[in-house]
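Reader: I have a protein model open and would like to learn how to read it. Could you walk me through a few features?

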Amino acid sequence: MAHWVTLIIAGLFETAFAACLGKAKSASGAAAFYWYAGFLICLTISMVLLVKASKHLPIGTAYAVWTGIGAVGTAIVGMVFFKESADFWRVFFLATLIGSIIGLKAVSE
């Protein structure tokens, strides 16, 4: 179970590095530098945790779950903080992605 927790945390850091990129895009000067630094830190942590989790979980499942968490998390961050669309179909397909991630976890190991 600890390996799954590690993988989930890695996915959350993937969401964080994508959010940092989004903020850096609209920042300038020192602020942009700090957002890019945050991106690099979150990217490094995410990758290290993914490697650690994938030593104990099937790589195909680990990678799919990691990217799924990152995709769903980034889409939610985009809707909440970047005022991206939250229409019915977008939320519907994010929900199906979450269901797929849960399904992968259920049939793995």
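This is a predicted model: local features need pLDDT of at least 70, side-chain atom pairs count only at pLDDT 80 or more; totals for chains, interfaces and linings use all residues.

Reader: Which helix has the highest mean pLDDT, and which the lowest?

Author: Helix α2, residues 30-54, has the highest mean among the elements, at 98. Helix α4, residues 88-107, has the lowest, at 92. For the protein chain the average pLDDT is 95, and 99% of the residues score at least 70.

Reader: How do I describe two packed helices?

Author: You give the angle between their axes and the distance between the axes. Here, the axes of α2 and α3 (residues 59-81) come within 9 Å and cross at roughly 150 degrees. The crossing is right-handed.

Reader: Which residues of α2 and α3 meet?

Author: From α2 come S46, M47, L50 and S54, and from α3 come I59, A62, Y63 and W66.

Reader: What span does α3 reach, and what follows the helix?

Author: With 23 residues, α3 reaches 32 Å from its first C-alpha to its last, close to the 33 Å expected. After α3 comes K83, which has a positive phi, near 55 degrees.

Reader: And how is a pair of aromatic rings described?

Author: By the distance of the centres and the angle of the planes. This structure holds eight aromatic pairs. One of them is F88 with F92, a stacked pair with 6.0 Å centre to centre and 20 degrees between the planes. Both residues lie in helix α4, four residues apart, which is about one turn of the helix.

Terms used:
Residues are numbered from 1 along each chain as its sequence is written. Side-chain values use heavy atoms; hydrogens and water are left out. pLDDT is the predictor's confidence in each residue, from 0 to 100. Helices (H or I, at least four residues) and strands (E, at least two) are DSSP runs, numbered from the N terminus. Axes are lines fitted to C-alpha atoms, for helices over the stretch in contact, and angles run from 0 to 180 degrees between N-to-C directions. A crossing is left-handed if the near helix is turned anticlockwise from the far one by less than a right angle, and right-handed if clockwise. Contact means heavy atoms within 4.5 Å. The expected span of a helix is 1.5 Å times one less than its number of residues. Rings of Phe, Tyr and Trp (its six-membered ring) pair if their centres lie within 6.5 Å; planes under 30 degrees apart count as stacked, over 60 as edge-to-face and the rest as tilted.
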